[in-house]
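Let's take a friendly walk through a protein model, starting with a sheet and ending with a pocket. Keep the 3D view open as you read.

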Amino acid sequence: MNSATYDNHSSRYAVGLMSGTSVDGIDAAVVQITDSLDGGMSVRLIAFENSPYPAAVRQDIFDLFDPLKATVNKIGSMNVLLGELYAEAALSVITAAGLRPVDVAVIGSHGQTIYHAPESEQLHGYDIHYTVQIGEGSVIAARTGVPCVSDFRPADMAVGGQGAPLVPFTEYLLYREAHRTLLLQNIGGIGNMTVIPAGCTQEQVYAFDTGPGNMIIDGVVERLYPGQLTMDTGGAIARQGEIHEGLLNLLMQEPYYSQSLPKSTGREQFGSSYIDWLLDYAKREDMKAEDVVATVTKLTAWSIGDAYCRYVRAQNPADALLVGGGGSYNPVLVEFLRQELEPLGVQVMTQEEIGQSSDAKEAVAFALLADYTMKQQPNNLPNVTGAARPIIMGKISY
């Protein structure tokens, strides 16, 4: 049994694990959480590591995104394999922090999303909406000896929420300011925006998925440069291309962008079949590969600017947009974002430019979400997810 407990424990270590829709690898963070006398907390990042997936494992995960290939035996075996890989990542980052597993109070693991269906459908007379994340928490707990909180989303969905986005809860805790309205924009496979009005309460925070982040960019690069590239590192390809206005205008008609809040999306909408359709159009237009990449990079930036204008600007004009996630390392994408938002008076900065870590941000979030689970305190934002009430998310494995 761990010496770290939640009984009268003002300072503790927690590990967060994150694997996003881009399936780049496992982000693992160790944080020190210290309670303050006023009921708040401070959070300090102690160590961070990224463990890339072996190529064969990454391909097996991608196969599970296709419901026709995602047989129950493949999902079951990958669920356990990812538990093993997550446990290894947790043990490695704990060592990097100069700690032992016995020093850590909890591990929070988001798991790997393989299917997300937030909109209700009728099944035998019941309204059903569901989500599937794999990476067995009981394996993580067994290998590390540390309690593991996993499978966060279903609890929110059980009370009417979309189960996403979840990170805004921790963004409110860590980023809110008295006098500035901030936008927190994560650009992973999917883009999501959190709006934190100046001096706001928890109930005034709202968030939603803006649309594709890196997902379409990565998807077209992988198809256009098979066996060579899986992403546009540093925006090198997009920088050489020109934006194709016809394709961009066509992509901007996607109904998701005008869908009412709350809303969330994923690979089901912007995955393989979407890439097929997009590249068929590009082929008919005889587009150069670099022009395709430049155009879809511009689309991601446009979708974020459009989301700000459509859902945020009128009621909460923002002072700054803080960009995190893998997309923040693409300077062409960040420059496109500045072109969209700075004429509207919104300063665009990356997490690194404010002394934070884009890579570690979501792993840190799941360490904090797990901390709240262990304290038996609600850790969703109903105003963000559409849930009927606050709920304690996460399943605990010992």
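## A sheet and a pocket

In this predicted model, an open sheet is built from five strands in the order E10-E9-E8-E11-E12, with mixed pairing. Its edge strands are E10 and E12 (347–350), each of which pairs on one side only. On average, neighbouring strands of this sheet are turned by 20° against each other, direction ignored. Helix H11 (residues 289–312) packs on the sheet and touches E8, E9, E10 and E11. The direction of H11 makes about 150° with that of E10.

| Strands | Bridges | Direction | A bridge pair |
|---|---|---|---|
| E9 (residues 190–196) and E10 | six bridges | antiparallel | Asn192 and Asp209 |

Is strand E10 (residues 206–212) largely enclosed or open? Seven of its seven residues are buried, meaning under 20% relative accessible area, so E10 is largely enclosed by the rest of the structure.

The largest pocket has a volume of about 980 Å³. It is lined by 49 residues, and the closest to its centre are Gly20, Thr21, Ser22, Gly188 and Gly189. Elements that give two or more residues to this lining include strand E2 (25–35), E9 and helix H13 (361–374). Strand E5 gives the most, with three residues. By class, the lining of the largest pocket has 14 nonpolar, 25 polar and ten charged residues.

Methods: Residues numbered from 1 in each chain as written. Predicted model: local features only at pLDDT ≥ 70, side-chain atom pairs only at ≥ 80, totals over all residues. Heavy atoms only, no water. Buried < 20%, exposed > 50% of the residue type's maximum accessible area, 1.4 Å probe, protein only. Helix = DSSP H or I, 4+ residues; strand = E, 2+ residues; numbered from the N terminus. Pairing = 2+ DSSP bridges. Axes fitted to C-alpha atoms, helices over the stretch in contact; angles between N-to-C directions. Contact = heavy atoms within 4.5 Å. 1 Å grid on protein atoms, 1.4 Å probe; cavity = no way out; pocket = protein on both sides within 12 Å on 5 of 7 lines; lining within 4 Å. Points joined across faces, edges and corners; volume = space filled by probe spheres on them. Nonpolar A, V, L, I, M, F, W, Y, C, P; charged D, E, K, R; others polar.
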